[in-house]
Amino acid sequence: MDPSLRRLYEDLRSVAVAVVYPPGEDRDLLVEQLQRIGCRIHLCWPFPGHPPAGADVVFFQVSQILQNSSAWCASEVDATLIALSEYETPTTLKLLLKTNAHGVLTRPFRSAGILSTLVLARSAKQFQNRQQNKIAKLEGTIKSRRVIEKAMRVLMDNQHLGERESYEHMRARATKLRVSVAEVAAMILEASEAMEKLGLGGAKPKPPRD
């Protein structure tokens, strides 16, 4: 067997799968195929208000219960979500879009499509996680930059430093304190706000020229 496929199967054998679906032949078929794959399975019914905790993958029935619930949105859940749809009505499609499920199985369920859906859904979830991490880092960078720019303005106004001098001052302090420039900038802003509250704020007078 190809090494990549072997790793794939080994990964699936460690996956905890929750199946949120009513008892019956359809659920039995799904569970039987997941057992063949080697997944650890937890059955859940009636439909819970929140996705089962501790599951890596959740197969769930698309239900009217989801109509007013944000708890079953892929962006709000750590697990991979795979929707189990009974009908392709406009209402069902609207609910599917709302959940942003990583994969969909439509009745009648067939053994042949479960493994591929599981693999592709987990791949989509991993891609989503990478994108969210990139976005979080970018947002953090933008936030830090704004804090630094505000702190530079404080130093420029109160200490009469130039733009470059303000940044270099913060960078030097960050190196000495072994923290980031953004953390030093936050300290400057906190100190400035405290001084303002005490009535001690305001820019220092410029030094007299010779």
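Mentor: Start with a cut-off: buried means under 20% relative accessible area, and exposed means over 50%. Keep in mind that this is a predicted model.

Trainee: Why is Phe109 called buried?

Mentor: Its relative accessible area is 6%. The limit is under 20%, so Phe109 is buried. Tyr21 has 3%, so Tyr21 is buried too.

Trainee: What makes Tyr21 and Phe109 an edge-to-face pair?

Mentor: Ring centres must lie within 6.5 Å, and planes over 60 degrees apart count as edge-to-face. Here the centres are 5.6 Å apart and the planes stand at 65°, so the pair is edge-to-face.

Trainee: Which parts does that pair tie together?

Mentor: Tyr21 is in the loop between strand S1 and helix H2, and Phe109 is in the loop between strand S5 and helix H4. These parts are 88 residues apart in sequence.

Trainee: Why is the pair of Phe47 and Trp72 called tilted?

Mentor: The centres are 4.9 Å apart and the planes are at 45°. Stacked needs under 30 degrees and edge-to-face over 60, so this pair is tilted. The two residues sit in loops, Phe47 between S2 and S3, Trp72 between S3 and S4. Ring pairs also link Trp45, Phe47, Phe60 and Trp72 into a cluster.

Trainee: How do you know whether Leu198 is buried or exposed?

Mentor: Its relative accessible area is 63%. The cut-off for exposed is over 50%, so Leu198 is exposed.

Key. Residues are numbered from 1 along each chain as its sequence is written. This is a predicted model: local features need pLDDT of at least 70, side-chain atom pairs count only at pLDDT 80 or more; totals for chains, interfaces and linings use all residues. Side-chain values use heavy atoms; hydrogens and water are left out. Buried means under 20% relative accessible area, exposed over 50%, partly exposed in between (1.4 Å probe, protein chains only). Rings of Phe, Tyr and Trp (its six-membered ring) pair if their centres lie within 6.5 Å; planes under 30 degrees apart count as stacked, over 60 as edge-to-face and the rest as tilted. Helices (H or I, at least four residues) and strands (E, at least two) are DSSP runs, numbered from the N terminus.
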